[in-house]
Amino acid sequence: MKNLFCLILLCALSACQGSSSNKQISISEAWARATVPGQVVGAAYLSIAAKQDIRLDAVTTPVAESVEIHTMQIQQGVMRMRMLEKLDIPAGKKVTLAPGQTHLMLIDLKSPLKAGENITLQLSFSHSDGSSQQQTIIAPVLAK
Ligand SMILES: [Cu+2]
């Protein structure tokens, strides 16, 4: 019975957070691909979902000079990467960044990304009302 009470309290607390100025954005399945020595660019992937329309404006990480949002596109029969200025995340729809699709490109890595380590990504979102929100996430480096 005591456990149940704790659970209810926890739910009440998290509901409280959701109603603060920071609107809830859920980020899942984040990971970065391990790189080999000498490789200067890396890639990171994640899924983003929110209850209202949001837009991913920018990403930064301490492990690289800059981060770009890229999509894959076939041009004259060749798969090419194209940089996006922003990434729209429609309300209620999970947008997944994955290998071969939209991804985060980590440009000018400061050191190789080693499997088993974690990297930090700071995501800047904006809402339709013009307000912005930062979210910092930890992504494991995986050798896959
Ligand atoms: Cu890319």
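Guide: Strands here are DSSP runs of E with at least two residues, helices are runs of H or I with at least four, and both are numbered from the N terminus. This is a predicted model, in which local features need pLDDT of at least 70 and side-chain atom pairs count only at pLDDT 80 or more, while totals for chains, interfaces and linings use all residues. Residues are numbered from 1 along each chain as its sequence is written.

Visitor: How many bridges are there between β3 and β9, and in which sense do they pair?

Guide: β3 and β9 pair in the antiparallel sense over 6 bridges, where pairing requires that DSSP finds at least two bridges between the two strands.

Visitor: And what joins β9 to β10?

Guide: 9 bridges join β9 to β10, and these strands run antiparallel; Ser124, for instance, stands opposite Gln134 in β10. The two strands form a hairpin with 4 residues between them, in which Gly130 takes a positive phi near 90°.

Visitor: What about the hairpin of β4 and β5?

Guide: That hairpin has 2 residues between its strands, and Gln76 in the turn has a positive phi of about 50°. β4 pairs with strand β5 (residues 78-84) in the antiparallel sense over 7 bridges, and Gln73 stands opposite Arg80 in β5.

Visitor: Which strands does β8 pair with?

Guide: Strand β2 (residues 41-50) is joined to strand β8 (residues 103-109) by 4 bridges and runs antiparallel to it, with Ala43 standing opposite Met105. Strand β4 (residues 64-75) is also joined to β8, by 6 bridges and again antiparallel; here Ile69 has Leu104 as its bridge partner, and His70 stands opposite His103.

Visitor: How much of the chain is buried?

Guide: Buried residues make up 19% of the 144 residues in the chain. A residue is called buried if 20 or more other C-beta atoms lie within 10 Å of its own, exposed if 12 or fewer do, and partly exposed in between, with the C-beta atoms placed from the backbone.

Visitor: Which residues have the most contacts inside the largest nonpolar core?

Guide: Those residues are Ala44, Ile119 and Ala139, in a core of 23 residues. At least two residues of this core come from each of β1 (25-33), β2, β3 (54-60), β4, β8, β9 (118-127) and β10 (132-142). A nonpolar core is a set of buried Ala, Val, Leu, Ile, Met, Phe, Trp, Tyr and Cys residues joined through C-beta atoms within 7 Å.

Visitor: What does Ala44 touch?

Guide: Not counting residues up to four places away in sequence, Ala44 touches Trp31, Ala32, Leu104, Leu106, Leu121 and Ala139.

Visitor: Switching to Ile138, is this residue buried or exposed?

Guide: Ile138 is found in strand β10 and is exposed, because its count of other C-beta atoms within 10 Å is 9. Leaving aside neighbours within four places in sequence, Ile138 is in contact with Asn118 and Thr120. The C-alpha atoms of Ile138 and Leu121, 17 residues apart along the chain, are separated by 6.4 Å.

Visitor: Which phi values do Glu29 and Asp108 have?

Guide: Glu29, in strand β1, has a positive phi of about 55° although it is not a glycine, and Asp108, in strand β8, has a positive phi of about 60°, again without being a glycine. Glu29 counts as partly exposed because 13 other C-beta atoms lie within 10 Å, whereas Asp108 is exposed, with 11.

Visitor: Last topic: where does pLDDT stay under 50?

Guide: That applies to residues 13-21, for which the model has 1 contact beyond four places in sequence. The chain averages a pLDDT of 89, and 85% of the residues score at least 70, pLDDT being the predictor's confidence in each residue, from 0 to 100.

Key: Two residues are in contact if their C-beta atoms, placed from the backbone, lie within 7 Å.
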